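Hi everyone, thanks for making time for this one. Let me put the model up on the screen before I talk you through it.

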Amino acid sequence: MGRRSMANSTETKYRLTQAQLRALTVEHRPALGPDGKTVLVKNPGKRPYRFSDSTPGAPSGFNIYVGPTGAFYEVRARIGKKAVRISLGSVQELTLTRAHDLAAEHRASIRQTGEDPRQLIRDVEAAREAKGITIGEAMQAYIDHLADLGERDKGKPGGLAGAKDSL
């Protein structure tokens, strides 16, 4: 088996301005110009790509992903033995500084809880949604469930009638 060269195993990091970040598409990608500064060049094949940010203050694992629908900030992290990429938001909507802060918050949350922050967000949203349901809406959902069971001959007509009377 051949060995990988160092050129293939290290990832180039780029430092882009906010204007350059907002101009990213699959048609252009960052490259280092002759003066060592980051410039945007044509992306042969127009394939999606990701690159690391070398801006001072960038948390470890912080990347920018550029795909067919736009450019997005993301952070890589390990949750237990599983490596995950967590999308932080669009470069069109977030500043680089705010994206750095979000990445640091997510990594800190993972270190403290050992859990995926995306799941915590989903749980909070589900709880918030459940709190917004009225008793009448909950009863109607239960009646609909009982009616569905009745249509499949798995429910009792008396249960459905009783639930309707309660409403």
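I'll go through the strands and then turn to a pair of helices.

A quick word on provenance: this is a predicted model, where local features need pLDDT of at least 70, side-chain atom pairs count only at pLDDT 80 or more, and totals for chains, interfaces and linings use all residues. Residues are numbered from 1 along each chain as its sequence is written, and side-chain values use heavy atoms, with hydrogens and water left out.

Helices (H or I, at least four residues) and strands (E, at least two) are DSSP runs, numbered from the N terminus. Two strands pair if DSSP finds at least two bridges between them.

Let's take the hairpin. Strand S2, residues 28-32, and strand S3, residues 38-42, run antiparallel and are joined by five bridges. Ala-31 sits opposite Val-39 in S3. Five residues lie between the two strands, and Gly-36 in that turn has a positive phi of about 85 degrees.

Now to S4, residues 49-53. Four of its five residues are buried, so S4 is largely enclosed by the rest of the structure; buried here means under 20% relative accessible area, with a 1.4 Å probe and protein chains only. Who are its partners? Strand S1, residues 13-14, runs parallel to S4 with two bridges, while strand S5, residues 62-67, pairs with S4 in the antiparallel sense over four bridges.

On to helix H3, residues 96-113. Its 18 residues reach 26 Å from first C-alpha to last, close to the 26 Å expected at 1.5 Å a residue, where the expected span is 1.5 Å times one less than the number of residues. Among the buried residues of H3 are Leu-96, His-100 and Ile-110.

His-106, Ser-109, Ile-110 and Thr-113 in H3 meet Pro-117, Leu-120 and Ile-121 in H4, with contact meaning heavy atoms within 4.5 Å.

Conventions
Buried < 20%, exposed > 50% of the residue type's maximum accessible area, 1.4 Å probe, protein only.
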